[in-house]
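This report describes one protein model, going from its elements to single residues. The sequence and the structure come first.

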Amino acid sequence: MPSFDTEVSITEDVEIEFEVYCNKCGNGLCNETSTADATNSYSNKRLPTVNVNPCPNCMNEKYDEGYERGHEDCLKDIEKEKEK
Ligand SMILES: [Zn+2]
């Protein structure tokens with residue numbers, strides 16, 4: 001029987017659901033996540049891509065830390081001015 005070798009690739013669309021959590025505080029980040037297909041700059045292939053915004057809980061925590069640090073620095077500056 002005649003035959004030939006050929007390459008056949010079969011693709012099928014599947015929907016994959018997944019969860020996204022902040023690795024630092026455990027906050028659910030599904031509402032901060034979007035998905036898309038994007039071209040990988042190295043392979044030039046279209047690949048599924050996940051875009052995740054920074055965790056709002058951790059951002060607020062860092063904002064508060066920065067505010068407190070700025071407040072403490074300001075108080076130190078005031079003390080230095082008083083000593084002059
Ligand atoms: Zn977090």
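Helix 1 lies largely in the open, because the number of buried residues among its 28 is zero. The model is a predicted one, and among its elements helix 1 has the highest mean pLDDT, 94. From its first C-alpha to its last, helix 1 reaches 41 Å, close to the 40 Å expected at 1.5 Å a residue.

Leu75 is placed in helix 1, which covers residues 56-83. Leu75 has 10 other C-beta atoms within 10 Å, and a residue with 12 or fewer is exposed, so Leu75 is exposed. Arg69 lies in helix 1 too, and Arg69 is also exposed, with 10 other C-beta atoms within 10 Å.

The strands come next. Strand 1 takes up residues 33-39, and because the number buried among its seven residues is zero, strand 1 lies largely in the open. Strand 2 is hardly covered: among its seven residues, the count of buried ones is zero. Strand 2 also has the lowest mean pLDDT among the elements of the protein, at 90.

How many bridges join strand 1 to strand 2? There are seven, and the two strands run antiparallel, with strand 2 at residues 46-52. Within this pairing, Ala38 stands opposite Leu47 in strand 2. In a regular strand, side chains alternate between the two faces of the sheet.

Strand 1 and strand 2 form a hairpin, with six residues between them. Asn44 is placed in the loop between the two strands. Although Asn44 is not a glycine, it has a positive phi of about 65 degrees. Is Asn44 buried or exposed? Asn44 has 7 other C-beta atoms within 10 Å, so Asn44 is exposed. Ser41 lies in the loop between strand 1 and strand 2 as well. With 6 C-beta neighbours inside 10 Å, Ser41 counts as exposed.

| Pair | Separation in sequence | Distance in space |
|---|---|---|
| Leu75 and Asp13 | 62 residues | 60 Å |
| Arg69 and Glu81 | 12 residues | 18 Å |

Now the whole chain. The protein has one helix and two strands, and read along the sequence they follow the pattern β-β-α. The radius of gyration of the protein is 26 Å, well over the 12 Å that the globule rule gives for 84 residues, so the protein is more spread out than a compact globule. Along its principal axes, the C-alpha trace spans about 100 × 25 × 15 Å.

How much of the protein is made up of buried residues? Buried residues make up 1% of the 84 residues. Of the contacts in the protein with a separation of 6 or more, 30% are between residues 24 or more positions apart.

Confidence in the model can be stated for the protein as a whole. The mean pLDDT is 92, and 100% of the residues reach 70 or more.

Definitions and conventions: Residues numbered from 1 in each chain as written. Predicted model: local features only at pLDDT ≥ 70, side-chain atom pairs only at ≥ 80, totals over all residues. Helix = DSSP H or I, 4+ residues; strand = E, 2+ residues; numbered from the N terminus. Buried ≥ 20, exposed ≤ 12 C-beta atoms within 10 Å, placed from the backbone. Expected span 1.5 Å × (residues − 1). Pairing = 2+ DSSP bridges. Rg over C-alpha atoms; globule rule 2.2 N^0.38 Å. Contact = placed C-beta atoms within 7 Å. pLDDT = per-residue confidence, 0-100.
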